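Colleague: Could you take me through the sheet in this model, and then look closely at one residue that sits in it?

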Amino acid sequence: YGINAGVYVSTKGVLTMKGGSITTDADGANAAFCYNGGTLNLYDVTIYNSATRSRGLHCTGGNGATINAYNCTVTTTKATSSTIATDRGGGTVYVNGGTYTANGAKCAIVYSTGDMTVKKIKGYSNNTSEGDIADIEGDNNITIDSCNLTCSGTSRGVMLYQSGSGDASGYNPTMKISHSNLTLVSSAAPFCEVSTAVNAFL
């Protein structure tokens, strides 16, 4: 876990970054990576990832792993590179303010296998094939509060599902959306694709 990461924190470590930038250009090079009980605090940081499988904010491994991000600007350019994400083992992510842009296929602005809250952000998923606003896998959640989020994908706006990959257990994702604008550019795209039981609050 964390190979090629721009910034890495793990195992009860705490890292706080104020200002500056993180840039990665390698396959699987997540920019800000938090694993297995670490805590990562970011303020006014600019992130740019130019390769595949390279997420902007990435929290995984559980055991209290936490990312807090304030007024950051995150851009990812290639496939499978969501801007705000958790993965196997989950974690807690809180994002307040900033702009988050995903340009590659199979990317979401927010991808959750954990506990995620985004507030007062602008987000764009620009791939016209598979660009989502938010995806939740398993018994996990996303809270969207006072955000403006736009996707250009023709497949869907949000997806609530269980892939069977082992990344997340359970079949009951929860999504809460309040005081927000979610825009689907494509008239062909359904707002929500669901393959599991769902708890949704709008």
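Modeller: The sheet is open and has 8 strands in the order β1-β4-β7-β9-β11-β14-β17-β20, with parallel pairing; strands are DSSP runs (E, at least two residues) numbered from the N terminus, and two of them pair if DSSP finds at least two bridges between them. At the edges stand β1 (7-10) and β20 (192-194), each of which has a single partner strand, so one side of each is left without a neighbour in the sheet. From one strand to the next the twist averages 15°, where axes are lines fitted to C-alpha atoms and angles run from 0 to 180 degrees between N-to-C directions.

This is a predicted model, in which local features need pLDDT of at least 70 and side-chain atom pairs count only at pLDDT 80 or more, while totals for chains, interfaces and linings use all residues. Residues are numbered from 1 along each chain as its sequence is written, and side-chain values use heavy atoms, leaving out hydrogens and water.

Not counting residues up to four places away in sequence, Thr86 touches Arg55, Cys59, Gly91, Val93, Tyr111, Ser112, Thr113, Gly114 and Met116, where contact means heavy atoms within 4.5 Å. Towards one of these residues, Thr113, the side chain of Thr86 reaches the backbone nitrogen at 2.6 Å.

Definitions and conventions: A polar contact is a pair of N or O atoms within 3.5 Å; within protein, one must be able to donate a hydrogen and the other to accept it, and residues adjacent in sequence count only if both atoms are side-chain atoms. Helices (H or I, at least four residues) and strands (E, at least two) are DSSP runs, numbered from the N terminus.
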